[in-house]
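Here is a short report for someone meeting this structure for the first time. Look over the chains, then read on.

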Amino acid sequence: MAITSEETLVDAIKGAAGPISVQGGGTRGLPATGQIMRVAGLQGITLYEPGALTLVAKPGTPVAEIEEALAAENQRLAFEPMDHRGLLGTSGTPTIGGVMAGNISGPRRISVGAARDFLLGVRFVDGRGAVVKNGGRVMKNVTGYDLVKLMAGSYGTLGVLSEVSMKVLPRPETQATLVLHGLDDGAAVAAMARALGSPFEVTGAAHDPATRETALRIEGFEASVSYRLSQLQSLLAGAGAEVEQRDAAATQALWSGINDVAAFHDGQGDVWRVSCKPSDAPGIAARSGAERWTYDWAGGLIWLRSAAGHDLRAAIGPMDGHATLVRADAQSKARLGVFHPEPAGVARLTAALRAQFDPKGIFNAGQLDRAA
Amino acid sequence: MEMPIPSQAVIARKTRVVDRLRQVLPADAVISDERETRAYECDALTAYKCAPMVAVLPYTTQQVSDVLRICHEEGVPVVPRGSGTSLAGGALPTADCVILGVARMNEVIETDYPNRIIKVQTGRTNLSVTGAVEEDGFFYAPDPSSQLACAIAGNIAMNSGGAHCLKYGVTTNNLMGVTMVLMDGEVIEVGGAHLDAGGLDLLGLICGSEGQLGVVTEATLRILHKPEGARPVLIGFDDNEVAGECVSDIIKAGVLPVAIEFMDRPCIEATEAFAKAGYPMCEALLIIEVEGSDAEIDHQLGLISDIAQRHSPVELRQSKSAEESAKIWLGRKSAFGAMGQINDYMCLDGTIPVSSLPFVLKRIKELSDQFGLKVGNVFHAGDGNMHPLILFDANKPGDLELCEEFGAEILKLCVEVGGCLTGEHGVGIEKRDLMHVQYAPDDLEAQMAVKDVFDPAWLLNPAKVFPLDASETRRAVPLAAE
């Protein structure tokens, strides 16, 4: 079923006889159960006020269209949504609704926040077909419960978005990257912690063990960027690494690759995404049984590639964080579960919330569950 | 302000409830004497008072769990309380309730600089979180103006903001994890030292839920390294509208200050008379602060000043030193006190889209004439969070009611232009009955459905946030057996 307006969305949900899988641009290859509901037809930017740093759009609006509109005003989506197509070998067009429903954030997550932190308001249709609005288009809003956060990252399990309102930010004048060469995982994570624990406003901190390159991104006004790069360089001199500075163009290319996990675009093996306490990261990666990994978010995010069907969660054991199986065949996804199992209390609340918002149990049955 | 009629059946069980609470808490943690419970009769919204049946001040998460379990079994409503600085009446008791204060739970549990987090018990005050890490160069960013007194528990309940949230965000953007006790005594852990939820974002849901979903006893907070420095520029304009345009132009130019504060003429006059900060007498005053090294600050203040010059300011004063910065901030920081010198005041907290600023200020002026009450406007201009201060005389019969009516009109105006009722203070009882203005029945139903999940019997802070008529059937859930 293809949706073109909030009204048709309401009708479709009210009339649904069985399970529905909500699909935006279809770029993430998420497991689908039941009838596919395509919402990419809910399109268009409905409001953009550059002076107020706010943009409102229908969820099917392509991310590229939003980024283009923002670029014209020298602004951007600061949380840097990832494009999954290279990693998953999918086609289609990433949509803003899909980004928000998955709370998809890139390397800048560590300095400016996640997609959920930029989502100011939503309209959605719940499982009864009721249109619900929450939040708004202002940056500070504590009027009632924050269902906006609840919807961000809910993978369409509570309702189908029909409008999203976002905070946007100015695009900085320039950017540059400091690259440290030759550090092992532990030393790299320590150096990244040092950099983020400085006043120099690092907006990206990633390490690739294969090349032994640790990258630290700085953004802002030209003079400020070069000042902070040199300060950072002296701060990290103790790490004993060879240091190199990369200019704006090289920085753009480097971080786009880090964001989209270019290291695993060759299509080999399963891919896991682990969110953890940064200082735990080297230990987690080492015991994960993975073949290769890269660190983003100063170690707080690890992308790991393992042999097909490998149970990475079991290998890691208990941790402060969670592991998501991003790329695998349907069989492995079904056996291992895409999402990390939650502690009993949280799992019970999650299930009860789903039952409240989706009493007929029709939405995205396979999402956020261990088993579809 | 209407409150539910206290349950006489609950009050009749007071002795038994107190006895049971004493079995799980140390002697000094249970307050049941009527002279002593009066200390908890109100929060910072002092117009409304009601002593609770009992107040408890537990020391540990286990004790909080025991208290909630007992109250759940006895069907006693519980009103959680941080430091009692809510301006919205979030901690206002009812005569049949147990006030659960977290003030004695104020320890730092863990400080972890490599991972940039601090874990604290939530009775700890906001400023003392920064106090625990500032010697090492770190700070906790959300800075509500009550930060000397307000507790992290209350900050989480109300999703508190502050002057610097344009750059650093509000509580929800700086909260990584919580230990929370549900009404039936179950203890859950949500989030931790890692970023983002693996499943539904319960942390985001809990933050700002006004103590209605659970009692948060421990919190993991993000800490940041302090900037090298910060300095403001003060700019005066002869026209509100022009000041608003200047703010918009600065934001569009790609400068992102940490704070943009706005004061209008009545507020400037009042603070000048009170604090003598040397402010120019004009229609609108902006205080814009930026951070960085000295050179970075000079560069940004230069850009801001260039933009401001294009709008013909009547005054432009760039701070060059800590002393000059303090002087620029002096008036702003004493604004509430200055207004309080003139008369009693009610502080509103609606947020508007920045673009609607001139229109909203004009309408507030018209309403002020209509109601015959003076109003001064101080607010965070970068994010549109207004703080109109309405002056009234609490001793004059009918003045409070008139002031509340005026306040309600201003808040309706905020919603009308695309904003909201409250930007950082919370709904509490103060804005509870205005929720219908912002939300349709289905919107409120969705929020109340969340409370049903966490607190099916609606015992936690039940008379807040939702209009009483909307929550009536839920609050009427039969209480536990005698």
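## A helix pair in chain B

Helices α15(B) and α16(B) cross in the right-handed sense. This is a predicted model. Two packed helices are described by the angle between their axes and the distance between the axes. Here, α15 (residues 357-371) and α16 (residues 399-416) of chain B pack at about 160 degrees, and their axes are 11 Å apart. That angle makes α15(B) roughly antiparallel to α16(B), because angles over 145 degrees count as roughly antiparallel.

Which residues make the contact? On the α15(B) side they are Val360(B), Arg363(B), Ile364(B), Leu367(B) and Phe371(B). On the α16(B) side they are Leu402(B), Phe406(B), Glu409(B), Ile410(B) and Leu413(B).

## An open sheet in chain B

Chain B has an open sheet of four strands. Their order is β1-β2-β4-β3, and the pairing is mixed. β1 (30-31) and β3 (78-81) of chain B stand at the edges. Each has a single partner strand, so one side of each is left without a neighbour in the sheet.

Strands β2 (residues 54-56) and β4 (residues 98-101) of chain B run parallel and are joined by three bridges. In this pairing, Ala55(B) has Ile99(B) of β4(B) as its bridge partner.

Helices lie across these strands. Helix α2 (residues 14-24) of chain B lies across β1 and β2 of chain B. Helix α2(B) runs at about 10 degrees to β2(B). Helix α4 (residues 61-74) of chain B lies across β2, β3 and β4 of chain B. Helix α4(B) runs at about 165 degrees to β4(B).

## Around strand β6 of chain B

Is strand β6 (residues 117-121) of chain B mostly covered or mostly open? Mostly covered: four of its five residues are buried.

β6(B) has antiparallel pairings with β5 (residues 108-112) of chain B, over four bridges, and with β10 (residues 215-222) of chain B, over five bridges. Thr111(B) stands opposite Ile118(B) of β6(B). Ile117(B) has Arg222(B) of β10(B) as its bridge partner.

β5(B) and β6(B) form a hairpin with four residues between the strands. Arg116(B) in this hairpin takes a positive phi near 55 degrees.

## Chain A

How many helices and strands does chain A have? Its secondary structure comes to 14 helices and 17 strands.

Chain A has 372 residues, and a compact globule of that length would have a radius of gyration near 21 Å. Chain A has 21 Å, so the value agrees with that of a compact globule. Its C-alpha atoms fill a box of roughly 65 × 50 × 35 Å along the principal axes. Of its 372 residues, 58% count as buried. Among contacts between residues at least 6 apart in sequence, 70% join residues at least 24 apart.

Chain A also has a hairpin, made of β3 (residues 45-49) and β4 (residues 54-57). The two strands run antiparallel, joined by four bridges. Tyr48(A) stands opposite Leu55(A) in β4(A). Four residues lie between the strands, and Leu53(A) in the turn has a positive phi of about 55 degrees.

## Strand pairs side by side

| Strand pair | Sense | Bridges |
|---|---|---|
| β2(B) and β4(B) | parallel | three bridges |
| β5(B) and β6(B) | antiparallel | four bridges |
| β6(B) and β10(B) | antiparallel | five bridges |
| β3(A) and β4(A) | antiparallel | four bridges |

Key
Residues are numbered from 1 along each chain as its sequence is written. Chains are lettered from A and ligands numbered from 1 in the order in which they are written. This is a predicted model: local features need pLDDT of at least 70, side-chain atom pairs count only at pLDDT 80 or more; totals for chains, interfaces and linings use all residues. Two strands pair if DSSP finds at least two bridges between them. Two residues are in contact if their C-beta atoms, placed from the backbone, lie within 7 Å. Axes are lines fitted to C-alpha atoms, for helices over the stretch in contact, and angles run from 0 to 180 degrees between N-to-C directions. The radius of gyration is taken over C-alpha atoms; the globule rule is 2.2 Å times the number of residues to the power 0.38. A residue is buried if 20 or more other C-beta atoms lie within 10 Å of its own, exposed if 12 or fewer, and partly exposed in between; C-beta atoms are placed from the backbone. Angles under 35 degrees count as roughly parallel, over 145 as roughly antiparallel, 65 to 115 as roughly perpendicular and the rest as oblique. A crossing is left-handed if the near helix is turned anticlockwise from the far one by less than a right angle, and right-handed if clockwise.
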